Amino acid sequence: MNVQFKKGVLELVVLLIINQNDEYGYSLVKKISNRMDITEGTVYPILRRLVKEEYVTTYQQASADGPSRKYYRITSIGKKKLRALTSEWKEFTHIIDFFIRESDQNEQT
């Protein structure tokens with residue numbers, strides 16, 4: 001996937017995942033990297049920014065597999081941000097789909 005595309009949507013993807021369940025950083029990276037090629041270094045700056053902007057909060061939870069983990073939880077402000085980003089994304093993809101269909105029709109004629 002185009003790097004610029006990924007940069008534009010990762011905040012939305014992170015909020016979508018955290019909105020379903022609280023997650024720790026590595027689990028987020030694994031879930032995203034199962035679908036698109038990313039590195040841990042891509043996700044953690046986004047998480048820090050989301051915390052700073054109060055879209056996400058953190059808490060520590062003990063882990064049976066080792067040291068305690070920092071979990072991320074979406075806030076009510078984060079849910080509003082998620083709704084806005086989702087709406088913008090749908091509008092954006094609708095516009096791009098229009099141009100793809102138009103281009104495909106022009107190629108067929």
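Me: Which residue stands opposite Tyr 72 in E3?
Reply: Glu 23 stands opposite Tyr 72. The model is a predicted one, in which local features need pLDDT of at least 70, side-chain atom pairs count only at pLDDT 80 or more, and totals for chains, interfaces and linings use all residues. Residues are numbered from 1 along each chain as its sequence is written, and side-chain values use heavy atoms, with hydrogens and water left out.

Me: How do E1 and E3 pair?
Reply: E1 and E3 pair in the antiparallel sense over two bridges. Two strands pair if DSSP finds at least two bridges between them. Helices (H or I, at least four residues) and strands (E, at least two) are DSSP runs, numbered from the N terminus.

Me: What is the strand order in the sheet?
Reply: The open sheet has three strands in the order E1-E3-E2, with antiparallel pairing. E1 and E2 are the edge strands, each pairing on one side only. H1 packs on this sheet and touches E1, E2 and E3, its direction making about 105° with that of E3. Axes here are lines fitted to C-alpha atoms, for helices over the stretch in contact, and angles run from 0 to 180 degrees between N-to-C directions.

Me: Where does H1 bend?
Reply: H1 bends by about 45° at Val 9. The bend is the angle between axes fitted to the seven residues ending at a residue and the seven starting there.

Me: Which residues have the most contacts inside the largest nonpolar core?
Reply: They are Val 14, Leu 15, Ile 18, Ile 32 and Val 43, in a core of 23 residues. H1 gives the largest share of this core, eight residues. A nonpolar core is a set of buried Ala, Val, Leu, Ile, Met, Phe, Trp, Tyr and Cys residues joined through side-chain atoms within 4.5 Å.

Me: What is Ile 32 in contact with?
Reply: Beyond its neighbours within four places in sequence, Ile 32 is in contact with Leu 10, Val 13, Val 14, Ile 17, Ile 38 and Val 43. Contact means heavy atoms within 4.5 Å.

Me: Changing topic, is Ser 63 buried or exposed?
Reply: Ser 63 counts as buried because its relative accessibility is 17%. Buried means under 20% relative accessible area, exposed over 50%, and partly exposed in between (1.4 Å probe, protein chains only). Ser 63 is in strand E2 and touches Ser 68 and Arg 69, not counting residues up to four places away in sequence.

Me: And what is the phi of Glu 54?
Reply: Glu 54 has a positive phi of about 65°, although it is not a glycine. Glu 54 lies in the loop between H3 and E2.
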